[in-house]
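Good morning, and thank you for coming. Please look at the sequence and the structure now shown, and keep both in view as I speak.

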Amino acid sequence: MDYFFHMSEEEKLNFIKYSIDCGYYVILQVYKNKIPAYHDTAFIDHQIMVYGYDDEIKRFCISDFFRGKYRKDVCFYGEFLEAWNLSLENFDKIDMIHIYLLKPKKIVPFDGREESSTGFYSFDASVISIFLEDYINNNNTMFRYRIRETEDISNLVYRWGLDCYDLLIEYLRNRNSKDFIDPRPFYTITEHKRLMKKRCEMLIEEFGICDFTKNYIELERNCNILLLKMMKHNQYLRNNKYSEVNDYTNYINQLKELDRNISQRLLDSIKNNMKECH
């Protein structure tokens with residue numbers, strides 16, 4: 001990132017504007033507290049997309065989750081540079097690649113103010129099979145596409161794929177019956193199964209695989225039971241009652257094996273269909 005760090009302010013602006021003129025969307029790291037659209041005072045770095053600019057009033061067209069919803073907004077050049085420069089200064093603390101240039105496959109000329117470019121991306125079952133293999137084998141898919149800069153994650157707290165279930169077990173083992181349980185990771189894993197059900201529906205329509213939606217509905221229901229147990233535990237605490245959270249280890253292991261079984265069968269179905277198509 002030394003290349004950008006030593007650029008002048010004008011050179012940084014020109015880099016972004018030239019990239020947009022070439023048909024790219026620019027995604028980079030900024031500090032949210034410097035971008036008014038976030039309405040956030042926290043000193044946190046975050047990725048933002050720049051998709052247009054207006055030199056007359058000197059502002060960028062930006063897009064991200066603003067005020068709880070994915071939206072488009074604007075940001076003056078000076079505000080944006082301040083947010084970006086802070087991120088560049090703290091780059092050694094950030095574990096992500098700093099800049100992406102994304103380009104749709106088809107570009108339609110646009111007026112610079114309103115986005116009107118369109119792109120078409122064909123369905124690729126081989127990519128989905130790679131993602132599923134990574135999930136089953138606990139591999140870091142983000143490193144495969146160089147979204148993270150290093151493969152060495154031994155000193156980080158991240159887990160990948162099915163290993164997330166083990167992380168839940170470790171979390172509960174570090175809690176006792178009088179500790180509050182954060183329900184968010186249990187909610188996240190439940191929502192993942194709901195998303196997988198929708199992905200299966202898409203795969204059936206696009207690729208004609210076997211129907212695994214009922215399997216993911218069952219898995220989602222079981223994950224939701226676990227979530228409800230954690231919420232019930234917290235409710236007990238409010239009433240000065242206690243439950244033993246470590247008792248759920250076996251249940252989580254069962255969820256993991258059920259997930260592994262369904263994911264492997266889904267992967268096998270996709271690969272079989274790929275062979276038939278060839």
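How many helices and strands are there in the protein chain? There are 9 helices and 5 strands, where helices (H or I, at least four residues) and strands (E, at least two) are DSSP runs, numbered from the N terminus. What we see is a predicted model, in which local features need pLDDT of at least 70, side-chain atom pairs count only at pLDDT 80 or more, and totals for chains, interfaces and linings use all residues. Residues are numbered from 1 along each chain as its sequence is written, and side-chain values use heavy atoms, with hydrogens and water left out.

From the N terminus on, the order of elements is α-α-β-β-β-β-α-β-α-α-α-α-α-α. Of the 278 residues in the protein chain, 41% are buried; buried means under 20% relative accessible area, exposed over 50%, and partly exposed in between, with a 1.4 Å probe and protein chains only.

Let us turn to the interior. In soluble globular proteins, nonpolar side chains tend to be buried together. A nonpolar core is a set of buried Ala, Val, Leu, Ile, Met, Phe, Trp, Tyr and Cys residues joined through side-chain atoms within 4.5 Å. The largest such core has 35 residues, and those touching the most other members are Tyr-165, Leu-172, Phe-186, Tyr-216, Leu-266 and Ile-270. At least two residues each come from α4 (125–136), α6 (163–173), α7 (184–207), α8 (213–238) and α9 (249–277). The largest share, 7 residues, belongs to α9. A second, separate core of 25 residues includes Ile-20, Phe-80, Leu-81 and Trp-84.

Which residues does Tyr-216 touch, not counting residues up to four places away in sequence? With contact meaning heavy atoms within 4.5 Å, Tyr-216 touches Lys-193, Met-196, Lys-197, Cys-200, Ile-262, Ser-263 and Leu-266.

Finally, consider Arg-175, located in the loop between α6 and α7. Is Arg-175 buried or partly exposed? Arg-175 counts as partly exposed because its relative accessibility is 26%. Apart from its neighbours within four places in sequence, Arg-175 is in contact with Phe-180, Ile-181, Val-245 and Asn-246. Although Arg-175 and Val-245 are 70 residues apart in sequence, their C-alpha atoms are 7.3 Å apart in space. Across the protein chain, among contacts with a separation of 6 or more, 61% join residues 24 or more positions apart.
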